[in-house]
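Please keep the sequence and the coordinates in view while reading.

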Amino acid sequence: MTNGPITIRIFDLHKGVVVDASLHKGLTEEQIRRAQAEWEPIRKESIARLRDQGHPLEELPKHWGWDWTRKISRLGNPLLGFYGIECEGKMQGLLEVAKEGHLAKLPVQKGKPLIYVKYVETAPWNIKLLAPKPHYGGIGSQLMRIAVELSLTEDCKGRVGLHSLPGDKKGEPEWFYQHVCYMEPIEAERDGEGLLYFELTKEKADEFLKGGKS
Amino acid sequence: MADKRTMTLNLNDDEMDALDALSSRYDMSKTAIIRKALRMYQVIDTRLQRGEKLFMEDEIEKKKSELLVL
């Protein structure tokens, strides 16, 4: 199910101003296909360019092979939520969350329900490593804010969990979740691919929403 | 989120106790518990209507049993 978009504000780094964007709560097949079609060639070109420039493979974004169209069959599943931020006719970021089936693992909130972020991705032209001059800033933070606000709406008290792509240097995924989103890593909860698990407590969720670095 | 509508729910003592216990255990309001239950029921029902079956599995005891759902 999709509802009408909500206006949010994002930062246009090219113009140096805050601009209106549309937050879509619920996505259509067409929106996902269009985003994938627009993102995929840019991801591939950017990755190829970086490799030609000598960037080690392990330093490159790990989600460049994601195919959002593979999630289309899950649209409409009431246990999941799909969200997108659109600006100037293009998706700037996408988010898929699970509303059920995941319980908190941190001792302070162990066993309590949370919102689990399955996939979150920013458009390639907004990623500094892929685009020397990113277009929009703070998209990742906005997407995480959506997850936290959903957690509050679902009475999960702001609790959010996710497995992060690797990279703990400044600006990389693990660093972002720990230092920008105030999530705690739990080494013992790595998944089958070795991805590190992060969790947000209700106290830190409140801090994130109030301070919300971007 | 879509607009919400209000309804009155009549529960007997046992049902209310069960709802209280779930609400307490999961640190969620009774409304949130019922919404979750409804959502799960919706998904299970859809799959049962497609002819699938719902099983519970005890990994330790190595037991698997079908859960019958209305």
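In this predicted model, strand β7 of chain A, residues 160-164, is joined to β9(A) by five bridges, and the two strands run antiparallel.

**Strand β9(A) and its partners**

- Within the pairing of β7(A) and β9(A), the residue of β9(A) that bridges to A:H163 is A:Y197.
- A further antiparallel pairing, made over three bridges, links β9(A) to strand β8 of chain A, which spans residues 184-186; here A:E184 has A:E199 as its bridge partner in β9(A).
- Strand β9(A) covers residues 196-200 and is mostly covered, with five of its five residues counted as buried.

**Helix α1(A)**

- Helix α1 of chain A runs over residues 29-52, and its 24 residues reach 34 Å from the first C-alpha to the last, which is close to the 34 Å expected at 1.5 Å a residue.
- The buried residues in α1(A) are A:I32, A:A35, A:W39, A:R43 and A:S46.
- An α-helix has 3.6 residues a turn, so residues three or four places apart point the same way.
- After α1(A) comes A:G54, which has a positive phi, near 95 degrees.

**The strands beside the helix**

- Strands β3(A) and β4(A) run antiparallel and are joined by eight bridges, one pair being A:I85 with its partner A:G93 in β4(A).
- The hairpin of β3(A) and β4(A) has two residues between the strands, and A:E88 in this hairpin takes a positive phi near 50 degrees.
- Strand β4(A) also pairs in the antiparallel sense with β5(A), residues 115-122, over six bridges, and in that strand A:V120 is the bridge partner of A:L95.
- Seven of the nine residues of β4(A) are buried, so that the strand is mostly covered by the criterion of 20 or more other C-beta atoms within 10 Å.

**Chain A as a whole**

- Chain A contains four helices and nine strands, and along the sequence they follow the pattern β-β-α-β-β-β-β-α-β-α-β-β-α.
- Chain A is as compact as a globular protein of its length, because its radius of gyration of 17 Å is close to the 17 Å that the globule rule gives for 214 residues.
- Taken along the principal axes, the C-alpha atoms of chain A fill a box of roughly 45 × 40 × 35 Å.
- Of the 214 residues of chain A, 37% count as buried, and among contacts in chain A with a separation of 6 or more, 60% come from residues 24 or more positions apart.

**Contacts with chain B**

- The contacts between the chains involve 12 residues of chain B and 10 residues of chain A.
- On the side of chain B that touches chain A, seven residues are nonpolar, two are polar and three are charged.

Methods:
Residues are numbered from 1 along each chain as its sequence is written. Chains are lettered from A and ligands numbered from 1 in the order in which they are written. This is a predicted model: local features need pLDDT of at least 70, side-chain atom pairs count only at pLDDT 80 or more; totals for chains, interfaces and linings use all residues. Two residues are in contact if their C-beta atoms, placed from the backbone, lie within 7 Å. Ala, Val, Leu, Ile, Met, Phe, Trp, Tyr, Cys and Pro count as nonpolar, Asp, Glu, Lys and Arg as charged, and the others, Gly among them, as polar. The expected span of a helix is 1.5 Å times one less than its number of residues. A residue is buried if 20 or more other C-beta atoms lie within 10 Å of its own, exposed if 12 or fewer, and partly exposed in between; C-beta atoms are placed from the backbone. Two strands pair if DSSP finds at least two bridges between them. The radius of gyration is taken over C-alpha atoms; the globule rule is 2.2 Å times the number of residues to the power 0.38.
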